[in-house]
Amino acid sequence: MSRTRHQRAEGCAIMFFPHTGFAPDPTAAGEPLTAHIISGRIHLCATSLSSVAAESVNLPDPLAVQGQAPDRNLALELVRVTEAAALAAARWVGRGDKNGADQAAVDAMRRLVGTVSMRGVVVIGEGEKDEAPMLFNGEEVGSGEGPECDVAVDPVDGTTLTAKGMNNAIAVMAVSERGSMYDASASFYMEKLVTGPEAADVVDIAAPVEDNIRAVAKAKGVHPRDVTVVVLERPRHVQLIEQIRAAGARVKLISDGDVAGAVMAASADTGIDLLLGIGGTPEGIISACAVTCIGGAIQGRLWPRDPDERNKLINAGHDLERILTTRELVDSDNVFFVATGITDGELLAGVRYRPGGANTSSLVMRSRSGTIRRVDSQHQLTKLQAYSTVPF
Ligand SMILES: O=P(O)(O)OC[C@H]1O[C@](O)(COP(=O)(O)O)[C@@H](O)[C@@H]1O
């Protein structure tokens, strides 16, 4: 960040936090103030530099003029969208109807996303327009004002988990600058490798599984037998699982939900060191948004299901040998990722009902600041039901 001699924050009060800098408080009322930073001191003036300073604060020099005032964190608004999706889907937990759960989450997400000030275009959504009446690829979402964004949604990652009342179903959304997300239109599946920051530079999806496990173990300062690899339990992964076991590592099989798996593989203290295997391409791009926020790496390679799909991908200009890096999957330094638990999981608690309301647990991340928040919300459903169009 370049140093600015004069920083202005007109129309808002300035709150100073001794160790974290200062933040505009948009809720503050009263006469507009202008903040001028001169020789390490903030001067709060009524309107201009020439005015008599209303107040001044001594600041340590590095805090005085570095960077700029913190800007808006879209993720803090987006979390309402995944909360609504999770609350709506949670009504369908264990009812054996995965489409019902998905539709409820889509409806809720679409109603809430209109409140977010952005000019979003869904690039990872519920499919093509004719098949998906809402949140279809290409749909414009948001209030129509504000930054131009790519939007990726997965109203329920784990529709089967939700239908069966099983762990780890989440509602997910990611937003980044317009044009920054990889165009995965023709691709259904992707081979994926995800790990955290320590091992990000030593893994290679094209290398043998054993080499990657050794490299991760070395980077983390542990033995390969201490490494845990999360894998979707699928017939296509039988050989992969054998290879992981042969390398001495531990395997954690999940029946669905590899976005949560990717977040756990990239995050510290989850007990998961690596995600390997083939999962959905849209989920791969959403995972790349999470990894951009957390740190670490995702590597992907498109994985056509049959010769027909292979030809389609090649005709669409895709190089099937190409290893897609985190940056190629989402080419942005300003990525927002939010997820809310539908059912209980290791990453997030699910929706919990109580008299008159429900509680949700969410993960709220932004890559530019690197801030990772956990947001636990208490919803007063009896109040919300009185005016909301979302069937909570
Ligand atoms: O079930 P498949 O066809 O192997 O696809 C794997 C994908 O399905 C999921 O497990 C769940 O996806 P859905 O919620 O759409 O059912 C994803 O997390 C994963 O990427």
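Guide: The side chains of serine 362 and threonine 340 are joined by a polar contact of 2.7 Å. A polar contact here is a pair of N or O atoms within 3.5 Å; within protein, one must be able to donate a hydrogen and the other to accept it, and residues adjacent in sequence count only if both atoms are side-chain atoms. This is a predicted model, in which local features need pLDDT of at least 70 and side-chain atom pairs count only at pLDDT 80 or more, while totals for chains, interfaces and linings use all residues. Residues are numbered from 1 along each chain as its sequence is written, and side-chain values use heavy atoms, with hydrogens and water left out.

Serine 362 belongs to strand β17. Strands (E, at least two residues) are DSSP runs, numbered from the N terminus. With 0% relative accessibility, serine 362 counts as buried; buried means under 20% relative accessible area, found with a 1.4 Å probe and protein chains only.

Threonine 340 takes us to strand β15. All 6 of the 6 residues of β15 (residues 336-341) are buried, so this strand is largely enclosed by the rest of the structure. In a regular strand, side chains alternate between the two faces of the sheet. On one side of β15 are Phe336, Val338 and Thr340, on the other Phe337, Ala339 and Gly341, and all of these are buried.

Next come the pairing partners. Two strands pair if DSSP finds at least two bridges between them. β15 and β17 (residues 357-366) run antiparallel and are joined by 5 bridges. In that pairing, alanine 339 has leucine 363 of β17 as its bridge partner. β15 also pairs with strand β9 (residues 170-177), in the antiparallel sense and over 6 bridges. Here threonine 340 of β15 stands opposite alanine 171.

The ligand is a separate matter. Strands β8 (148-157), β10 (189-195) and β13 (274-280) each supply at least two residues of the shell around the ligand. Aspartate 157 has a side-chain N or O atom 2.9 Å from an oxygen atom of the ligand. For glycine 158, a backbone N or O atom lies 2.7 Å from a ligand oxygen. A polar side-chain atom of aspartate 256 is 2.5 Å from an oxygen atom of the ligand.

Technical notes: Buried < 20%, exposed > 50% of the residue type's maximum accessible area, 1.4 Å probe, protein only. Helix = DSSP H or I, 4+ residues; strand = E, 2+ residues; numbered from the N terminus.
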